[in-house]
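Visitor: I'm new to this one and would like a slow walk through it. Could you put it up on the screen?

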Amino acid sequence: MELRSVRGTHDIFGEEIDKFNRISNIVSKNANLKNFKEIQTPIFEFSELFAKPLGEQSDVVLKEMYSFEDRNNEFLTLRPEYTTPMIRAAISNNLLNDLPLKIFGIGPMFRRERPQKGRYRQFNQINFEILGTKDFIADVELILLSNNILKELLPQSEIKLHINSLGDKKTLSDFKKNLTKYFNTHKKKLSEESVNKIYTNPLRILDSKNIEDIEISKSSPKIYEYLTAEAKKHYEDIRRSLNLLEINFEENSNLVRGLDYYCNTVFEFKSDDLGSQDTLLGGGRYDGLIKLLGGPDIPGIGWAAGIERIALLMDHEKKTNSIVHLAVTNDKFTDYFLYLQKYLSENKISYYWNYKYNLKKSFTKANLYSASYMIIIGDNEFNGKFFTIKNLITGEQKELELHQISNYLNDKSR
Ligand code: AMP
């Protein structure tokens with residue numbers, strides 16, 4: 001059998017893992033600044049958790065979930081998104097007693113989509129949620145937070161914020177009815193995939209990427225005309241605040257998001273440099289979701305960003321290595337060498353050795369790893385009870401006793 005990873009999955013290493021670690025450090029730093037608490041939930045849940053909140057007719061539930069029957073006849077699903085499990089965790093662990101609850105998480109999600117650039121079957125997401133407030137300030141805060149994180153990670157990229165409002169449940173159901181009516185009269189010009197959604201999920205026709213669908217959607221009913229006075233005010237407050245904070249945005253009446261639980265504010269950050277999978281981050285309000293999952297009737301809002309897509313746009317930051325490479329010319333010096341290793345570990349000095357008693361090979365490796373120093377042990381060093389330290393950048397060479405090494409390296413590497 002050919003040894004390979006499963007289609008749509010990928011191994012993360014080298015430059016990509018460096019980027020992933022940078023992303024999670026910056027996310028955690030920003031989360032701390034804004035007092036969001038981290039939650040890690042299991043990667044699988046009972047299947048029934050997802051169907052209703054995401055929508056029985058959503059693409060995710062219809063065809064993308066990895067579900068299986070466990071040996072004791074329990075139906076389980078690898079989490080396809082993080083909001084629902086996070087709310088489940090907040091309810092299960094009584095975290096909703098002290099509101100608002102501000103939580104975040106980072107981890108893998110699973111969707112059986114057609115793999116392509118920026119789209120995988122196992123991918124990693126960052127998620128932020130605020131549970132327990134209707135205040136538009138929470139919406140603005142979360143948009144601001146995502147804007148800050150993306151700016152810090154991708155200072156060079158041009159990323160556009162799109163916003164829209166879906167109104168409340170009544171607005172949405174009136175709107176859907178009218179959309180169905182409209183698309184039904186234009187059904188001959190729609191793509192086959194969209195025709196199948198006319199009755200089940202007409203909102204998704206609005207964000208179809210098919211050219212004919214886009215054309216038809218241009219003259220479709222617009223949600224703004226259906227918003228209640230309250231929903232209009234909420235949306236206007238957000239637009240005013242974003243202007244005040246000088247965050248550029250585009251109003252996009254076709255922005256509907258894929259899942260059923262959204263209402264009022266929805267937003268996405270997009271980049272033209274990502275090809276067809278151009279959404280880096282998406283989020284919105286889900287005021288009925290917590291109740292639907294069996295919790296109290298409190299509102300919520302959140303967003304999710306794809307780590308792989310962010311990494312695709314990031315420049316690789318070459319690590320400034322202050323690595324010290326070790327070179328031992330003969331295995332008769334191993335005791336002396338171990339003594340050096342103990343000293344370096346105790347003094348928190350990062351070192352590397354290639355397990356070869358060969359000076360030339362050690363220099364080749366040191367070069368490959370861009371090490372800044374080499375500590376050499378040969379006959380002279382062993383007999384004289386000192387160590388030779390070579391600065392690989394300047395070429396300078398010094399003979400030091402063990403206890404002098406730490407000061408010397410700390411002095412020179414700053
Ligand atoms: P969603 O939960 O669909 O709103 O997705 C939120 C973000 O997760 C998207 O904007 C993407 O950055 C990322 N994402 C969603 N699906 C995938 C996927 N199949 N592969 C990679 N990233 C994804």
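Visitor: Which polar backbone atom is 2.8 Å from a nitrogen atom of the ligand?

Guide: That backbone atom belongs to Tyr-120, and a polar contact here is a pair of N or O atoms within 3.5 Å, where inside the protein one must be able to donate a hydrogen and the other to accept it, and residues adjacent in sequence count only if both atoms are side-chain atoms. Before going on, note that this is a predicted model, in which local features need pLDDT of at least 70 and side-chain atom pairs count only at pLDDT 80 or more, while totals for chains, interfaces and linings use all residues. Residues are numbered from 1 along each chain as its sequence is written, and side-chain values use heavy atoms, with hydrogens and water left out.

Visitor: And what lies 3.0 Å from an oxygen atom of the ligand?

Guide: A backbone N or O atom of Leu-280 does, and a polar backbone atom of Gly-306 is likewise 3.0 Å from a ligand oxygen. The protein buries 90% of the 490 Å² that the ligand exposes when taken alone, with accessible areas coming from the Shrake-Rupley method with a 1.4 Å probe.

Visitor: Which residues come nearest to the ligand?

Guide: Of the 14 residues around the ligand, the nearest are Arg-111, Glu-113, Tyr-120, Arg-257 and Thr-279, where being near takes a heavy atom within 4 Å.

Visitor: Which strand gives the largest share of that shell?

Guide: That is β10, with three residues, while β6 (122-131), β10 (279-285) and β11 (300-306) each supply at least two. Helices (H or I, at least four residues) and strands (E, at least two) are DSSP runs numbered from the N terminus.

Visitor: Switching topic, where does Pro-100 sit?

Guide: Pro-100 is in the loop between α4 (83-92) and β5 (101-110), and a cis peptide bond with omega of about -5° joins Leu-99 to Pro-100. Asn-94 lies in the loop between α4 and β5 too, and has a positive phi of about 55° although it is not a glycine.

Visitor: Why point those out?

Guide: Because most residues other than glycine have a negative phi, and most peptide bonds are trans.

Visitor: What caps the N-terminal end of helix α14?

Guide: Asn-358 does, through a side-chain oxygen 3.0 Å from the backbone nitrogen of Lys-360, at the start of α14 (residues 359-368). After α14 comes Ser-370, whose phi is positive, near 50°.
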